[in-house]
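Below is a short briefing for a reader who is meeting this structure for the first time.

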Amino acid sequence: MIKKLLLVFIAVASAFVGRAQKIQSPQEFLGYKLGEQFTPHYRIVEYYKYIASVSKNVKLQQFGTTNEGRPLLAMFIASDENIGRLEEIRHNNMKLAGIESGTGSTSMPVVTWLSFNVHGNEPASSEASMWTLYDLVDPANTTTKAWLKNMLVVIDPCLNPDGRDRYVNFYNSVHGIVPDPSPSAREHVEPWPGGRVNHYYFDLNRDWAWQQQKETQARVGLYNQWLPQVHVDYHEQGYNAPYYFAPAAEPYHKDITKWQREFQVTIGKNNAKYFDQNGWMYFTKYEFDLLYPSYGDTYPLYNGSIGMTYEQGGISAGLAVVTRAGDTLTLVQRVAHHHSTSLSTLEIASLNTQKLLDEYKKFFDNNRTNPPGEYKTYVIKNNNNGKVSALAKMLDRNGIQYGFGLSNKTATGFNYISQKTEQFSVDANDLVVNAYQPKAVLLHVLFEPKTFIPDSATYDITAWSLPYAYGLKAYGVKESFKPANAKWGVLDPAPLTNTHAYAYVSAWQSVNDVKFLAALLKKKIKVRYAEKAFEAGGKQFTAGSLIITRAGNDNPNFDQVVTQTAASLNQEITALSTGFVDKGSDFGSDAVRVIRQPKVLLVAGEGVNSEAMGEVWHLFEAQIGYPVTLVKYQDLGRTKLGDFDVAIFPDGRYDDFPSEKLQNWIRDGGKLIAIENAVSSLVDKKGILLKRKEEKKDDKDKEKDKPVKIYGDRERTAISSSIPGAIYKLKLDNTHPLGFGLPDYYYSLKLNDDIYELFGDDDGWNVGTIKKDGYVSGFVGSESKKKINNGLLLGVQPMGRGSVVYLVDDPLFRSFWENGKLLFSNAVFMVGQ
């Protein structure tokens, strides 16, 4: 009897253990097959938390939140032996890279990192991530168990939760009981701004190096703590395209190693094997190149990984859509394709662990002993504390080592501004970056003055050199010099000796100064600016310097408010006991103007480039902390413009432009700021004096026979009139308020070949002009290059009591173009005062 009871107990216990070990698949957990409907982000999170609660082979980490408060997650999956060694594996990678001291081992597990759904309206990959996770933790899956013996897998299920939910919520709200596969159905047409972008309408796949967005800062911060050997970024493209996977298209940046190129082919062939077995269409080596450094494939490549993009056709496809080929593409199919490449990549990484780790170590060994490029030291002159601080923060986020000053006070190097090699002096607070360091490749890619482009057909911008992006004077030195100091000689502003001043003066030369101005205006402190340079208290101040006088500020806590605001922002201010200056105009003269606190309107909605609008929105809210009102373009007709002082029109296509209403408002004292294609929308409107610069051709040119177009050359022909993103140097009138705080030149990132005629003397101000020698770096088609010369790119047209500011190029491009933030702020706060 006892034996029988014991046997029953054992049988029950065994059954219980069997049930306890059973892990639910996504279908079992969610209640539907993956691809039958879209899974909202919170349910994806719940599945990952569920797996973390039932599997001993995972560790779930929340590493941040989005702007809308959704969690950012990373799931670490490893074998029984390795799941408790995560920190050991991580530190080993850091040692192999030379970031931590000690000797790293190439006998440790390889780290493969899978990043899903960076664009919110490319949602199939987050669904596939759950399937991939289940395959890795399913106790019955002996295949993946074998892979995990020598591999740690990291899964980021959704890089852009805010954008994903925007898309999923839209789709779920408009589709019927049965999905409509007709491309014309409303479920395949997203409303503005679409789900691609994050809360501030940024493309997070262009932000890896710049890290301007909250999500990217958190994600790349975690990524740089690990530096995996393999990284895949999952995307979708137009639904008429078949699946794309590595190897990538040309151009490859020249710093991408032979091994990185070869292993892309190895992985691609393995992916192709499974796609061939299933009869699925795919392509490689086309369209998606490896040049621009801020993608989810190139950034890992420049950090020693095998970085790749996988693209499934599917944007706007919903649950089902009829393609141009007449096939019906379903979400079920899209999920299956991403799941296949996920497992294929893990398989091939596991089979090549030793080679991956050996080449990873070799990459970083070469960085430290033989860095790429002709320049072994970069010196950035610190004539602008704010911009140098911003650059230093960006280098910190990327793990690039730097210091300040040199033991020798002079050096010879390539001057980024003059484009000549010359001798220069090095001061104690000049930022110095030595190339002999673990992040040497990334450093070289970000700092090289001219990007080598072996093929002109590129997918993104072709110039981004940080000295130009930040508007800083810099030198590339061929010798290796170590910085003299790890920190600045002066870390904090000098303490004030006079806290009951006649006036306080602040520099105006970076976005930090704009933030200080915004904070004072919000606290109802009246601020003035100097229209001309002056000297006072033994110091020199440039035009645009902020002057906060006691006069006009009746606040009994005036000194306390100004000084505490400055201290909270680490802002240097100078206290003056008199308004009688040593040189220049006294504070009571008409050369000192009051900055009227502007009420700002930002145009949004259909027709507006959402990413361009997001750059402006983010600058106001997240960077300078100044209020801005978003108004739909379609609502301008019933908007009371008199409630606003400034109206900003970002890049966009503005049909039925309300020119007459806007011009009446401008004449009454309003200020319109037009950017990129918004400028084009104004041209030819009555009252607008800006004229497009037309190419002049003489009769001989007209008589020349045009060559017959060749169909096979159509892409190359189009390239001759393209400019995917190149740097030009403008001549800047920095005596005009639009140029305050900047030198007499300005580096602009041109994304098109638009250029305008110079204003006549009585028509407006030619603030930023370009000559035929303005080209600096990046690809420009031959026809476009001929067109971009002797014209206007920055201008101001007075109109009644108001003005129109023309910014032909985007000064806030992806928010990493630090050089333009002060220029744009001048347009908002300085022009027209």
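Helix α19 is followed by Gly669, whose phi is positive, near 120 degrees; helices here are DSSP runs of H or I with at least four residues, and strands are runs of E with at least two, numbered from the N terminus. The model is a predicted one, in which local features need pLDDT of at least 70, side-chain atom pairs count only at pLDDT 80 or more, and totals for chains, interfaces and linings use all residues. Residues are numbered from 1 along each chain as its sequence is written, and side-chain values use heavy atoms, with hydrogens and water left out.

**Helix α19**
- The buried residues of α19 (residues 659-667) are Ser659, Leu662, Gln663, Trp665 and Ile666, where buried means under 20% relative accessible area with a 1.4 Å probe, protein chains only.
- Seen down the axis of α19, these buried residues fall within an arc of 160 degrees, so they line one face of the helix; the arc is that of the directions from the helix axis to the C-beta atoms.
- Their cover includes β28 (646-649), β29 (671-675), β34 (791-799) and β35 (802-807).

**Gln212**
- Gln212, in the loop between α7 (161-174) and α8 (214-226), is buried, with a relative accessible area of 14%.
- Leaving aside neighbours within four places in sequence, Gln212 has contacts (heavy atoms within 4.5 Å) with residues including His618, Arg814 and Ser815.

**The whole chain**
- The chain holds 24 helices and 35 strands, and 59% of its 833 residues count as buried.
- Its C-alpha trace spans about 110 × 60 × 60 Å along the principal axes.

Terms used
Buried < 20%, exposed > 50% of the residue type's maximum accessible area, 1.4 Å probe, protein only.
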